[in-house]
Amino acid sequence: MGLTERERAPGSPTSVEACPLKLTKWLIPMLVCTCLFFDYAATDMGVIIVPDVFAGLGIPRWCNSLQLAAKPGMQVLANIVVGPLVDRGCAQSYLLVGVTGLAITTSLVGLSLVCAPFLGRQGAVCAMLLSRCLQGVMSSFIASSGMAWIGRTHTSKERTMAMSTAMMGVGLGVVIGPGPSGMLASIAGSASPYVCTVLGLLVVGILLTRHSLEDL
């Protein structure tokens, strides 16, 4: 007797992952899209906000370039470890880990900006580098587990549209991250865009926690 979709191995192309999330299929790409949006928005905020803070402290420009590169660089390295972890476990659980961690690390970035005048030049750069590196690790969890979750809960005919929907979050984050966040920072302070991002991530985390995957 042939195996049903639910009986196949978790990593097989037609398997349906039995994770604790009660969502219809079309909501899964939207959730992943939202996670990627906040991820890339939090990343690109630094392009506008951090250089002004560093310039005010007299920190060299190369330090700003270093902190901008720290996050994607660490994400590349973290993918080596995170990928196999996601393959062996529940993608949605790792997505929740990524969202929670990104909220914490984004809070650290905002806190680093607020405390930069009190930390001094070296302290501000070190705090920002640490925060950005941790952001990169959490971004690796979000990207890897988000795509894996879609792959495990959608058939081969559905995956193209689902992944296209999810990847819209990348473009939206890149567009909205530098522009509106820069305006908000000039009005309400450099940490305000990060506060808004953390609040959004908390909402996504609650959605991931409170629901469970319905029969697909």
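User: Patches are made of residues with over 30% relative accessible area and no salt bridge; like charges are joined within 9 Å, and nonpolar side chains (Val, Leu, Ile, Met, Phe, Trp, Tyr) within 5 Å. Which residues make the nonpolar surface patch of about 440 Å²?

Analyst: This is a predicted model: local features need pLDDT of at least 70, side-chain atom pairs count only at pLDDT 80 or more, and totals for chains, interfaces and linings use all residues. Accessible areas come from the Shrake-Rupley method with a 1.4 Å probe, and for residues only the protein chains shown count as cover. A salt bridge is a side-chain nitrogen of Lys or Arg within 4 Å of a carboxyl oxygen of Asp or Glu. The patch of about 440 Å² is made by Ile 104, Leu 108, Leu 111, Leu 130 and Leu 134.

User: How many helices does the protein have?

Analyst: Residues are numbered from 1 along each chain as its sequence is written, and side-chain values use heavy atoms, with hydrogens and water left out. Helices (H or I, at least four residues) and strands (E, at least two) are DSSP runs, numbered from the N terminus. The elements run α-α-α-α-α-α from that end. Strands number 0, and helices number 6.

User: Is Leu 108 buried, partly exposed or exposed?

Analyst: Leu 108 sits in helix H3. Buried means under 20% relative accessible area, exposed over 50%, and partly exposed in between (1.4 Å probe, protein chains only). Leu 108 has 33% relative accessibility, so this residue counts as partly exposed.

User: Which residues does Leu 96 touch, leaving aside those up to four places away in sequence?

Analyst: Leu 96 is found in helix H3 (residues 91-153). At 23% relative accessibility, Leu 96 is partly exposed. Contact means heavy atoms within 4.5 Å. By that rule, Leu 96 touches Gly 205, Leu 208 and Thr 209.

User: How far apart are the end C-alpha atoms of H4?

Analyst: The expected span of a helix is 1.5 Å times one less than its number of residues. H4 has 21 residues, so its span should be 30 Å. The computed distance between its end C-alpha atoms agrees with this: 32 Å.

User: Which helices are among those that cover the buried residues of H4?

Analyst: The buried residues of H4 include Arg 159, Ala 162, Ala 166 and Gly 173. Their cover includes H1 and H3.

User: Which two residues meet in a salt bridge?

Analyst: The structure holds 1 salt bridge, with N to O at 3.2 Å. One partner lies in helix H1 and the other in helix H2, so the pair ties together parts that are 32 residues apart in sequence.

User: What is the relative accessible area of Thr 43?

Analyst: Thr 43 is placed in helix H1. Leaving aside residues up to four places away in sequence, Thr 43 touches Lys 71 and Arg 132. Thr 43 is buried, because its relative accessible area is 11%.
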